[in-house]
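Trainee: Let's go through this model by question and answer. Keep it brisk, please.

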Amino acid sequence: MAKYEKIKEGTICLATQLRYFRKKLGLKQAAMAEKLGVSQSLYTKLEVNASQTTPRRIEEFAYALHTTPAFLTHGTGPEYLPGSPEAAPRLTDELLRKILEFATNEDTISSARKMAEESGKDLVAVMTVLVKGMIL
């Protein structure tokens, strides 16, 4: 059996982050290995910290998981890249109600009209920016 460094509780490293993402995605090790483009045996070794990998491969893993290499190896920075599906806010009924209230509020519409006139942009474009700013 290969020797490996036991992962200390509270330690963030590639192994703990891979396991975190796999469990968050609800995947078995074989499915996670496929998602990352590696064999199941290599993935298993990586997850128990029994194998090392290259910085290039870490970048590929991060890309596949919509995160950054820094988050994947050290837990620093945003969990998901801006613009990735995972980073988008979940549109719950409550959030949709707030968006509707905001977008139909007379003060919001009045401000958007003024901004559209001053900037020469379309009212819909201005409202879109305001709503995006509200939910992000």
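Trainee: Which residues does Leu-36 touch, not counting residues up to four places away in sequence?

Mentor: This is a predicted model: local features need pLDDT of at least 70, side-chain atom pairs count only at pLDDT 80 or more, and totals for chains, interfaces and linings use all residues. Numbering runs from 1 along each chain as its sequence is written, and side-chain values use heavy atoms, without hydrogens or water. Contact means heavy atoms within 4.5 Å. On that basis, the partners of Leu-36 are Leu-18, Tyr-43, Phe-61, Ala-64 and Leu-65.

Trainee: Which residues have the most contacts inside the largest nonpolar core?

Mentor: A nonpolar core joins buried (under 20% relative accessible area, 1.4 Å probe, protein chains only) Ala, Val, Leu, Ile, Met, Phe, Trp, Tyr and Cys residues through side-chain atoms within 4.5 Å. The largest one has 18 residues, and those with the most contacts inside it are Leu-18, Leu-36 and Leu-72.

Trainee: Which element gives the largest share of this core?

Mentor: Helices here are DSSP runs of H or I, at least four residues, numbered from the N terminus. H1, H2 (29–36), H3 (40–47), H4 (55–64) and H5 (69–74) each give two or more residues to this core. The largest share, four residues, comes from H4.

Trainee: Is Arg-22 buried or exposed?

Mentor: Arg-22 sits in H1, residues 14–25. Its contacts include Leu-27, Met-32 and Tyr-43. With a relative accessible area of 12%, Arg-22 is buried.

Definitions and conventions
Buried < 20%, exposed > 50% of the residue type's maximum accessible area, 1.4 Å probe, protein only.
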